[in-house]
Amino acid sequence: MSVKTVTTNAGVQMPRLIYGTAWKKEATTSLVIKAILNGFRGIDTACQPKHYSEDLVGQALVELQTQHNIPRKDLFIQTKFTPLRGQDQSKPLPYDPRASLPEQVQQSFATSLKNLNTDYIDSLVLHSPLQSHDLNMQVYREFEKFVDEGRVKQLGISNLYDLEVLKRLYDDARHKPSVIQNRFYAETQFDSGIRKFCREKNIFYQSFWTLTANPQILSHPLVKQLAEQRHGTSAQVLFRFLLDIGLTPLTGTTNEQHMKEDLDVFEWPSLDNESIEKLKKLIHD
């Protein structure tokens with residue numbers, strides 16, 4: 001049985017498989033509760049009403065505490081600050097769009113704490129880079145203040161596909177990023193350069209769109225053969241492989257059976273070295 005958490009460069013115990021809550025809408029509360037009751041301990045959300053119902057994640061946290069005796073402190077909660085261009089401006093925004101960028105970050109964070117019924121966030125992520133390094137650092141400096149105040153445990157960035165942008169952020173950060181969360185697919189060569197940098201700097205790479213974007217991997221003869229040998233599914237083989245090479249996949253399944261299957265990979269032994277080396281070639285490793 002493999003370990004279910006890793007210790008990040010910020011000293012945070014982070015689950016190795018995280019439940020993603022994008023596009024869950026009114027089903028968010030019940031799905032988060034199902035995920036946690038089935039064994040997930042990490043939840044990913046964002047202060048972005050366009051794709052996430054952060055307040056309904058908060059409702060789930062309250063119900064888990066009051067009805068199932070699972071306290072907030074036993075869970076890893078990750079949320080994001082979403083810049084204005086990533087928001088749907090026809091919906092109520094989590095901050096004043098006329099405020100300065102640092103004020104928007106402060107207001108968004110206050111909204112997240114209120115939505116999630118908590119006084120701290122385990123992992124705060126910049127949802128996507130802004131138009132310049134200076135703007136990225138304006139956001140990141142506010143993030144670092146939250147860490148200094150003890151209200152955030154670690155920081156990260158998502159939807160970042162330019163290694164130079166990541167390097168500049170890393171170099172200028174006082175609190176180094178602990179995670180990068182990216183779409184994991186062939187179009188970007190599976191971020192092989194970014195993942196190499198992450199390994200060198202002890203940054204954990206969280207993959208999203210892991211199954212949906214990769215039908216060619218799920219249907220690959222080796223993956224199907226390994227699934228058959230292990231009496232499992234191709235999805236389980238892919239998740240086990242990514243865990244074996246140090247990635248932290250997100251899964252947003254709405255199917256309770258799939259939730260159980262995803263977590264079952266922790267009971268599996270690692271894949272054999274030969275299979276791992278062959279599968280690495282599929283993701284440009």
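Contact here means heavy atoms within 4.5 Å, and helices (H or I, at least four residues) and strands (E, at least two) are DSSP runs numbered from the N terminus.

1. Basis. This is a predicted model, in which local features need pLDDT of at least 70, side-chain atom pairs count only at pLDDT 80 or more, and totals for chains, interfaces and linings use all residues. Residues are numbered from 1 along each chain as its sequence is written, and side-chain values use heavy atoms, with hydrogens and water left out.

2. Helix α8. This helix covers residues 221-229, and L222, V223, L226 and A227 in it are buried (under 20% relative accessible area; exposed is over 50% and partly exposed in between, with a 1.4 Å probe and protein chains only). Seen down the axis of α8, the buried residues fall within an arc of 135 degrees, so they line one face of the helix; the arc is that of the directions from the helix axis to the C-beta atoms. An α-helix has 3.6 residues a turn, so residues three or four places apart point the same way.

3. Surroundings of α8. The cover over its buried residues includes α7 (215-218), α9 (234-244) and α11 (273-282). On the other side of α8, P221 and E228 are exposed. H231 follows α8 and has a positive phi, near 55 degrees.

4. Largest pocket. Its volume is about 620 Å³. A pocket is an open set of points on a 1 Å grid over the protein atoms alone, where a 1.4 Å probe fits, with protein on both sides within 12 Å along at least five of seven lines; lining residues have an atom within 4 Å of a point. The volume is the space filled by probe spheres set on the points, which are joined across faces, edges and corners. Of the 28 lining residues, A22, W23, Y52, F208 and W209 lie nearest the centre. Strands β8 (179-183) and β10 (248-251) are the elements giving two or more residues to this lining.

5. Second largest pocket. About 190 Å³ of space lies here. The lining has 14 residues, with P49, Y52, E54, D55 and N115 nearest the centre. Two or more residues each come from α2 (54-68) and α3 (101-115).

6. E149. This residue sits in the loop between α4 (133-148) and β7 (152-158) and is partly exposed, at 48% relative accessible area. Its C-alpha atom is separated by 47 Å from that of L226, 77 residues apart along the chain.
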